[in-house]
Amino acid sequence: MKDERPLLFETAREGRTGYRLPDSDVDMRVTATRGERALVRQSPLGLPSLSEVDVVRHYTNLAHDNYCIDLGFYPLGSCTMKYNPKVNEETARLPGFENLHPLQPEADAQGTLELMHDLIVRLCTITGMKWGTLQPFAGAQGEFTGMRLFRAYFDHRGEGERTKILVPDSAHGTNPASAHIAGFEVHEVKSDRRGMVSLESIREHLDERLAGIMLTNPNTLGLFEEDILEIAQAVHEAGGLLYYDGANLNAIMGKVRPGDMGFDVVHLNLHKTFSTPHGGGGPGSGPVLVNERLRRFLPIPDIQAVDGRFLLTNDRPDSIGRISGFYGNVGVLVRAYTYLLTMGADGLAAASERAVLNANYLRELLKKHYHLPFDALCKHEFVLSAAKLKEATGVSALDIAKRLLDYRIHPPTVYFPLIVPEAMMIEPTETESKEVLDGFVETMVEIAEEARKSPEKLHDAPSATSVRRLDEVLAAKKPVVAWRRPL
Amino acid sequence: MLAVVGKSTVEELFDDIPSDIRLKNGLALEPGKSEWEVYNHLRRLSERNRVDRISFLGGGAYDHIVPATVRHVLSKPEFATAYTPYQAEISQGILQAIFEYQTMMCMLTGLDVSNASLYDGASAVVEACSVGLQSNRRSNRILYSATLHPNVKRVLVTNYRGRGIELEEIPAIDGQTSLPATKELLSETTAAIVVQSPNYFGCLENFEGFAEEAHSRGALFVVSANPMSLALFRTPAEWGADVAVGDTQVFGFPANYGGPSAGYITAREEYLRKMPGRIVGQTVDRDGRRAFVLTLQAREQHIKRERATSNICTNQALVALGNAVYLATLGAEGLREVCSQSAVKAQYLHDRLAAELPVDDAFPRPFFNEFTIRLPTPSRNVIESMSRAGYLAGFCPADLDVGAVIDEHEAEGKDLLTIAVTEKRTREEIEGFVSAMKDALK
């Protein structure tokens, strides 16, 4: 059995220190509390005392226990785990960007403001929208922002009774959650036998209470919603709006734009489509773009270009207000902007083409070995089902995922979308070469074989990782979310 | 590959898109460029920002020293280029690091449980209020102090306006949230009272009696605190808080024009299952070995969908990691030193200004590393003239919409200046600041 990795607190030794600060050159005997004893901390601080090498070894060892896109294939559906070009890190760390304070006057921030302004222009070009905000920190906050824009639009028109948001049963979980916390009532609409949103199911909801619909296109099955123009027309005629969840934009850049499909509000995930690193769960960025009729409601501050100067303005009386404490994850915006300039129009279209080609290539090869419930030309991803395999062998999608870990491959997204039992959602992205894809197919075929011959091997997987399968029930039943000093 | 797919051109892969909306000529953007050209373009843009002045500017983002270890660890691709750790067996690195981050945020705030980070300090306040609204089902009111950062107030309004939730501001007197006013405003339908210390003006507030009042009406007591201050000053737990929140930019991050930073949220144990966002928990693997995993996921959007109380998915994991590296590098002793040097140097500058110049304290409260003074002239002029002399002198708190905190008769606060000092500033820089201000006030 491998050793447990010690915690920082277990490695710490009294008296060690990892850093030397400059000696203070002012008299340190001054007290800051003006004699108000109640303001002083009573309890010990408890932070660990470590040397610099202790700290560096600790994190180097932890890094060793972490998979990432720089190590290998990461076909995590709907997450667009593409390679993150290294120049993005260098530009984001330019001192002029990094050391700018958010309360400096606009005159001091012209470089960053120009970048932000031009980024909005370019994202609008890619999506076919008119203007936007870069404040949302992530896709889910973009969705929330979009839903607040819907609310403001209807309130402005005196249509406060429009509270109903339609969300397909194949939607990302954040969609219904965001609509709900923004004050809407969520109604699920069914997917049809093609795996697309059913126009019939939408028609049942077209009334004066309809606020709109949230869609991902291509959807989470990787299928392009072929009825999108009819859906847009029906929703608009009923007085509703269309929201575009941009998680899957990587499939269609340079081919078709959400604005041309009829969407009124779009959010993008810069940490997916625009190659900014995901950081183990953020920081991301979820810009929101709108068409002309929703523009006046965008968050403040808005960025304006006036005679070649860039200004921030709060003078937007119909605005939904502030989304971020300052201006969002500006460091992430610099990375995405770098990527956009590097790729250009040709590069972005090529990225989508290759992402779609890679996905279809895998789909064709894997459907011979795993059940493909919706067998059609896909876009950037597709969804297999392990349900039949499970029936025959007892091996589940989770077992397959865990076995892939032994092969040093990140598994697909499993158990999503919810409309496919034992789902395995595979998104290879444009990053991967034919060799990597062929290797993946080979591994998946081998695993299917193992499932039939020695299913216990899959139930027991993984075995080559730093820890074996975890007891998630125990973690939730008796939650321990912080270390406590042993008594 | 196309042959396998049964297509003869790549374009055919897009035949499922209705032809009337297919882009005929591609995107109206210029073609791609080389790395070197792009880097140079970005470098030139970055040079159009002014970052060469000595900073005494705070207001939510502070200029602390960043140890080399932080940048080193954040550059490791194993952390930077990983997705959210859904597959725990190959993600023990980030999971353990976040577990340690959660532990250290609990140590700092004195509370029992922490999540894995939130977007920023403002969104953390919103989420803390949501914990309050969930905890008291009859509640529909949030009380917040007038001394809260005005941008945080605005974010609160954006989140709760039109959702049947009342937001009410508690007045402050002399830079301190009023306890009598709080008592008066409190009712059985109050979800939470939100206060901030050090507050927007830099004042350390005294919250004696607030928690008792809140609890007597079934409301949560939420304290927003600059976590750097907690190395020396009274913790949210010691004030009786149920939830503590704030922004962790101070732990190892440059200002970055406001982000990325991260929000923290810690709480008393009983609120664990109402916490928003990701939480890392300890468990064991099949061999009984200690390991870490994203836990309590039944709270989250991908399980609960429209019944979820928070929609958070991606947050600020890499920033939380950087915060942990910062805290581990400095340790208890180092953090206390940063905290006390910042406090003492701020006091030193304050006393030098008071001795040499015709300026007054705007508020009689003690402060940590930031304080507000009243100038004999509009602060805008002073900020501009100090800027020419090479200093970011601070900010005028009335430039953001602060409501009724400042006495309207006194030039609507246009003569106020809020100044921050960190351990990074030397005595020479502070003396330089004093003489530059002397010149500015001539």
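Residues are numbered from 1 along each chain as its sequence is written, while chains are lettered from A and ligands numbered from 1 in the order in which they are written. Because the model is predicted, local features need pLDDT of at least 70 and side-chain atom pairs count only at pLDDT 80 or more, whereas totals for chains, interfaces and linings use all residues.

View 1. Chain A has 16 helices and 12 strands, where helices (H or I, at least four residues) and strands (E, at least two) are DSSP runs numbered from the N terminus. Its radius of gyration, taken over C-alpha atoms, is 25 Å, close to the 23 Å that the globule rule gives for 487 residues, so chain A is as compact as a globular protein of that length; the rule itself is 2.2 Å times the number of residues to the power 0.38. Chain A is divided into domain 1 (8-34 + 41-64), domain 2 (87-342) and domain 3 (351-474), with bounds that come from an automatic or database domain assignment.

View 2. After H7(A) comes A:Gly183, whose phi is positive, near 100°.

**View 3. Where chain A touches chain B.** In this view, 165 residues of chain A are in contact with 161 residues of chain B, a contact being two residues whose C-beta atoms, placed from the backbone, lie within 7 Å. Helix H11 (residues 330-366) of chain A gives the most to the side of chain A that touches chain B, with 20 residues.

**View 4. The largest nonpolar core.** This core has 309 residues, and those with the most contacts inside it include B:Ala128, B:Val194 and B:Val222; such a core is a set of buried Ala, Val, Leu, Ile, Met, Phe, Trp, Tyr and Cys residues joined through C-beta atoms within 7 Å. H11(A) gives the most to this core, with 21 residues. Not counting residues up to four places away in sequence, B:Val222 touches residues including B:Gly132, B:Ile193 and B:Asp242.

Note on methods. A residue is buried if 20 or more other C-beta atoms lie within 10 Å of its own, exposed if 12 or fewer, and partly exposed in between; C-beta atoms are placed from the backbone.
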